[in-house]
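Welcome! Please look over the sequence and the 3D view below before reading on.

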Amino acid sequence: MARLLIKTPGLQNRTLELRLGINRVGRDPNCDFPIVHPTVSGVHCELEVSQEGVRLRDCGSTNGTFLNGDPVTEAWLMRGQELRVGDVELFVESTEVNVVIPEYERRPPRPAIIVESGAPVCTRHPDDQATYKCTGCGDTMCNHCVRIMRIKGGQPLFLCPVCSHKCEPIVGVPRRGKKKGFFANLADTVRLKLSPGRQKTRR
């Protein structure tokens with residue numbers, strides 16, 4: 001990472017290890033790198049670290065900011081330059097920026113559960129038949145688990161709740177019928193008893 005070294009007597013051999021983003025330098029103790037010196041302003045300058053490098057900005061300091069002896073208000077730092085804030089001298093040791101992107105570990109999908117009828121069931125709700133399969137991670141899910149994105153004027157998209165890839169309907173498998181409750185069975189019984197074919201004719 002970018003690094004500056006203070007050379008002024010009394011402060012020498014102190015290293016400023018810059019971080020990504022804005023690094024404030026000044027006499028104020030709340031600065032990222034406080035430098036206690038009478039010629040340094042409260043917030044003297046900013047050092048912005050990005051993928052492009054290190055950019056220096058003077059924050060309206062009283063005694064100015066200098067790069068290789070020249071007064072600057074804004075400039076890009078380069079390795080080997082001499083930076084001065086007030087009367088405090090710093091040496092630019094490095095302007096390298098290492099941006100580390102953490103690796104995302106995708107969890108493998110849970111194996112599909114197949115019942116005796118040959119129909120896959122939802123990996124989250126074993127009592128429900130799977131109606132969709134993810135084209136990305138291969139997860140199987142029921143109607144309750146699939147995410148639906150409705151597009152104005154178009155067909156809805158069915159997305160995986162795990163990896164957000166497109167899901168496709170599962171076809172060619174027998175569907176499990178929904179169990180009827182007590183009152184539904186009672187209604188069927190009543191209709192069966194009252195059906196014309198079962199009525200006895202009186203003589």
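This briefing walks through strands, cores and a few loop residues.

This is a predicted model, in which local features need pLDDT of at least 70 and side-chain atom pairs count only at pLDDT 80 or more, while totals for chains, interfaces and linings use all residues. Residues are numbered from 1 along each chain as its sequence is written, and side-chain values use heavy atoms, with hydrogens and water left out.

**Strands and how they pair**

- Strands here are DSSP runs (E, at least two residues), numbered from the N terminus, and two strands pair if DSSP finds at least two bridges between them.
- An open sheet contains 5 strands in the order S4-S3-S5-S6-S9, and its pairing is mixed.
- Strand S4 (33-34) and strand S9 (74-76) are at the edges with a single partner strand each, so one side of each has no neighbour in the sheet.
- Inside this sheet, strand S3 (residues 21-26) and strand S5 (residues 45-50) run antiparallel and are joined by 5 bridges.
- Ile22 stands opposite Glu48 in S5.

**Strand S10 and its partners**

- Strand S10 (residues 82-85) is joined to strand S7 (residues 65-67) by 3 bridges, and the two run antiparallel.
- S10 is also antiparallel to strand S11 (residues 88-94), with 4 bridges between them.
- S10 has two faces: Leu83 and Val85 make up the covered one, whereas Glu82 and Arg84 make up the uncovered one.
- The hairpin of S10 and S11 has 2 residues between the strands, and Gly86 there takes a positive phi near 65°.
- Asp87 lies in the loop between S10 and S11 and counts as partly exposed, at 45% relative accessibility. (Buried means under 20% relative accessible area, exposed over 50%, and partly exposed in between, with a 1.4 Å probe and protein chains only.)
- His37 is 50 residues from Asp87 along the chain, yet their C-alpha atoms are separated by 8.3 Å.
- Leaving aside neighbours within four places in sequence, Asp87 is in contact (heavy atoms within 4.5 Å) with Thr8, His37 and Thr39.

**Nonpolar cores**

- In soluble globular proteins, nonpolar side chains tend to be buried together.
- A nonpolar core is a set of buried Ala, Val, Leu, Ile, Met, Phe, Trp, Tyr and Cys residues joined through side-chain atoms within 4.5 Å.
- The largest nonpolar core has 24 residues, and those with the most contacts inside it are Leu4, Leu16, Leu18, Leu47, Leu77, Val88 and Leu90.
- Two or more residues of this core come from each of strand S1 (3-6), S5, strand S6 (53-58), S10 and S11.
- Another core, of 11 residues, lies apart from it, and includes Cys122, Tyr132, Cys145 and Cys163.
- Apart from neighbours within four places in sequence, Leu16 is in contact with Ala2, Arg3, Leu4, Ile6, Val25, Phe33 and Leu90.

**Loop residues to look up**

- Most residues other than glycine have a negative phi.
- Asn68, which is not a glycine, has a positive phi of about 55°; Asn68 sits in the loop between S7 and strand S8 (70-71) and is partly exposed at 46% relative accessibility.
- Ser164 also has a positive phi, near 70°; Ser164 is in the loop between strand S17 (157-159) and strand S18 (167-169) and is exposed, with a relative accessible area of 53%.
- Thr131, in the loop between strand S13 (120-121) and strand S14 (132-134), is buried, with a relative accessible area of 11%.
- The side chains of Thr131 and Asn143 make a polar contact (2.7 Å); such a contact is a pair of N or O atoms within 3.5 Å, where, within protein, one must be able to donate a hydrogen and the other to accept it, and residues adjacent in sequence count only if both atoms are side-chain atoms.
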